Amino acid sequence: MSERKPEGAPAQEAPPTEGLLGPDAPPIERTVSVPHAPEPAQTEGLLGHTAAQEAAEAVRVRNPLAQDTLTPEEWNAAGYTPAYGLDLTELHKGAPGDAPWPDRMRTLLRTPMAERPAFERTPRELHPAAGAQTQRNVPRILDLSLRIGELLLASGEAAEDVEAAMLGIAHAYRLDHCEPQVTFTLISISHQPSLIDPPVTADRVVRRRTSDYTRLAAVYELVADITAEKVTVNDAYRRLAEIRRNRHPYPAWLLSMATGLLAGAASFLVGGRVDSKAWLVFGAAFAAAVVGDRLASFIARRGLPEFYQFVIAAMPAALCGILLSFNELHLRGSVVITGGLFALLPGRAMVAAVQDGLTGFYITAAARLLEVMYLVAGIVIGVMLVLYIGVNYNAKLRPDESIGGTTSPPVQLLAAMVLALAFAMLLQTDRRSLPMVVLNAGIGWSTYGVLVYNAGISAIVATGLAAGLVGLFGQLLARFQASSALPYVTAAMGPLMPGSALYLGMLAFAQGHPSSGLVSASRAVALALALAIGVNLGGEVARLFLKNPGASDRDAPHLLIPRRAAKRTRGF
């Protein structure tokens, strides 16, 4: 038996023990030297130094700074960093880069965790704000990312951009190996620093959605400052609280007037003429939309679901259109009903749903599409109830009044721009962004008019191409203003919404022509899909010709990150 050495003596390599391997057994190559550590008991047997090896492994577990059991290459292959982290000298100088944070973080998000580089951050010795985060409060950082992600998702932002923002916040505060996950009502983020550390997971439920693009722009600015490593965690919480406390830029009475203005502008857009009757139709559409908005607000304060709010909001416009048709003056009641539909169609939710589906977030896309279907069903039920009664009493509704039979390009262009302005106000867009939104809407409608009325192209194809230009210019404007593209895109696509096709389908069903109703309804669905896909494609085309958000340092060409496609693709 071996002699026990006095306590406190340094550990030494044990002599080889005779046994199954014989006297020529090789000695142990890796030793652990720990000051004042008692030497573990050595047991002779078939395996030789089993007890000594177990004791050394226990020391390594207790002391993460001891020599690791895996090489750096093995840790990298496993997809994790060691428990004591990476050397800061491996980080890349000038970390955040010149590209906007959505592109940089989307690139990291589409990169597998084992391949995400550490050079995206600034070394602590080169950035004072980064050095302040040496003592990391992991739960607090995860909570901050969840709260910001909740505001983005509630504002209608795409799921991929929400995940990119959450990943960017965690990455900026030096939390590697974070995986955000966004669904329609639940967002979560998980952080696991290494194989031996327990993971930390937090989640948050999104219970209420608001349309406030001024708040969305402020959140984007906050995320940009965080990812540029200019804001500490405490300062980020303060700014987030200020963003939540800020009131909407437009009062409630002005929003009601904007709803009426949107419906009135839509009556000129689909009517295409200016005469004495047109102004009467405008006034009727304006009043019906305001009444519908107030009725929906009234029942919303009583706690009724949004489905019933859309049912009630759609009835006044349909009723006003029926009343205008009971005369011999041909006051174009169908135009009033179509204008009311433009004020209710959920374009923001539809675009977000299609964008989530195109980027691989199928669960969120399915939930958003289901939401759109319920809202459109509420509109259809509200209008159909009134149309059915009116048709039974021989209301003289003329479908050709709302399909652009009479065109006046200057009038329709002005109406499209006014419609986009009113829509942007309803979405609480910042006042400084309103001129750009109106300009983008004018570009989109002009493109649509030239393609349909001059080139004779199908309305579905023309809608897709015009929406593509809206998405392209919206993405460029967003990069110029360093904000989200939603304020510049959502309102600008308002004039292209399929209000006329939807109304024609409902009228055909009410008049007892189901085959014509199905054709019009299918046309409305095709127009909506072309609109949403065109907006998304325009934004993607803008990104194709912009700077790669990967590293561009000449001294580190191996750190370049390729721009990957959306997740869950065929592997390209």
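This is a predicted model: local features need pLDDT of at least 70, side-chain atom pairs count only at pLDDT 80 or more; totals for chains, interfaces and linings use all residues.
Reader: How far does helix 16 reach from its first C-alpha to its last?
Author: Helix 16, residues 434–454, reaches 29 Å with its 21 residues, close to the 30 Å expected at 1.5 Å a residue. That expected span is 1.5 Å times one less than the number of residues. Helices here are DSSP runs of H or I with at least four residues, strands are E runs of at least two, and both are numbered from the N terminus.

Reader: OK, what comes just after helix 16?
Author: Gly 456, with a positive phi of about 70°.

Reader: Switching topic: how many helices and strands in the protein chain?
Author: 20 helices and three strands.

Reader: And Asn 536, where is that?
Author: In helix 20, residues 514–544.

Reader: Buried or exposed?
Author: Asn 536 counts as buried because its relative accessibility is 12%; buried means under 20% relative accessible area, exposed over 50%, partly exposed in between, using a 1.4 Å probe and protein chains only.

Reader: What is Asn 536 in contact with, leaving aside neighbours within four places in sequence?
Author: Gln 355 and Leu 358, where contact means heavy atoms within 4.5 Å.

Reader: And how much of the whole protein chain is buried?
Author: 50% of its 572 residues count as buried.

Technical notes. Residues are numbered from 1 along each chain as its sequence is written. Side-chain values use heavy atoms; hydrogens and water are left out.
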